[in-house]
Amino acid sequence: MVEKIQKPLKYLAIMTVLISSGITSVSAQNNVEQNTKEEKTIVVVGQTLDQSLKNLNDCLKRNCPPDQDINASLAHAENLFVEGEYKDARKTIDASLKRNKKHAAEYPLPVSDLYRSKGRVLEHLGFIDKSNFAVLKVRDTLEKHLSGELDKILYAELAIADAFLKDGKFPKALNKIRSVNDRARENDFIKIANFAKLRELNIELSLADRSARSATLKVKKDITDYINSLASDENSFAFPASILLARADRNLGIEDSTNELIKSYVTTFGRKRPLLVSSDPIDLQPSVEPVNVGFLNAAKTSLVTEDFDDRWVDIGFYVNENGRVEDIEILRIKGSPNWIRAVTESIQSRVYAPKFDLEQNMPLGQYVVERYSYTAEFEKAPGSNLVVRTGEPIVRRLDLTIYDED
């Protein structure tokens, strides 16, 4: 079976995931041979780094319009990101912003895309506050120059709520999401309102996980009421809401609903990509288990280093037709691998609703590639203006797979 490694981002060009780039000891040929034997061939498509740089330089030489400049800049910046050149990706975006932010009134969406991509890169570098500021600039740009398209502004507000969540600021995230819900309903954006409510229920369930059984029961009732409130043409929200319901059941010791959920909803609606149903969190604790590049079977390591610069990994795995993870591979890696066991253990724990083809009436497997960055937030040292790492590791994830169009 042939699966494509593709990317979900509009400008994210495909790099050669399985080609050695001098920063890893991965044997690309061995990985290809292993996948071929299992009929999981990987087709790598996309633009090379040299080509995206040439495209950008050619654009600038001919003094191309701002939107073309931004497109070329983002294509190259996200190509750099995939190659692990986070700092150069940031420089490319900053340079384009310097040239083009003055054109935000004429090109609000492209300029907001620059801020959005900048926030993503800053997050993986560990500049969390600056990343959050970039997310705010997305909203501000749209609000100032695209005020007539409230739906886009509301989605940008939800991205701000996501930033609050990543910082552990649950009350601020909930307030933002509830505000979006209210504004969406007032302006008859029912899809956005339902989306916001779903996110609210997800946060409330996460908070209930940490408290009494009664809190989980209350959120379970709220999820059930939400599902019952959906109109017949809003089934796209019923499935993820039912995932929350199954998670609440698991918290209450009820295990059967997860498999029933996957069976009933996937076969009814079909899916063009696997949908994550459950996963254990990434537990960054010292590991005494072996970890290496390729299939997981070698040298013992432990989490001892405090070096947070240039540490990332591309991990490939297969989501089989039963929604379970198989054949976890470390495709490329930069920096010490002594944190990766925690990531692979989390991936191994996942349960997906598998891709399902309604025409063939059968579930299908899907090969997935994800980027993980090991970093730590920057902060000012006590009594000084010196900016230093906090020393508390965080892991940021980005899906590098492009799925069939929904």
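1. Helix H11 (residues 235-251) has 17 residues, so at 1.5 Å a residue it should span 24 Å, and its end C-alpha atoms sit 25 Å apart, which agrees. The expected span here is 1.5 Å times one less than the number of residues. Helices (H or I, at least four residues) and strands (E, at least two) are DSSP runs, numbered from the N terminus.

2. A word on provenance: this is a predicted model, where local features need pLDDT of at least 70, side-chain atom pairs count only at pLDDT 80 or more, and totals for chains, interfaces and linings use all residues. Residues are numbered from 1 along each chain as its sequence is written, and side-chain values use heavy atoms, with hydrogens and water left out.

3. Back to H11: twelve of its 17 residues are buried, so the helix is largely enclosed by the rest of the structure. Buried means under 20% relative accessible area, exposed over 50%, partly exposed in between (1.4 Å probe, protein chains only). Among the buried ones are Phe-237, Phe-239, Arg-247 and Asp-249. After H11 comes Gly-253, with a positive phi near 90°.

4. There's one disulfide in the structure, a disulfide being a pair of cysteine sulfur atoms within 2.5 Å. It links Cys-59 and Cys-64, S to S 1.7 Å. The torsion about that S-S bond is about 85°, so the disulfide is right-handed. Both Cys-59 and Cys-64 are buried.

5. Ile-328 belongs to strand E6 (residues 325-334) and is buried, at 5% relative accessible area. Val-368 lies 40 residues from Ile-328 along the chain, and their C-alpha atoms are separated by 9.7 Å.
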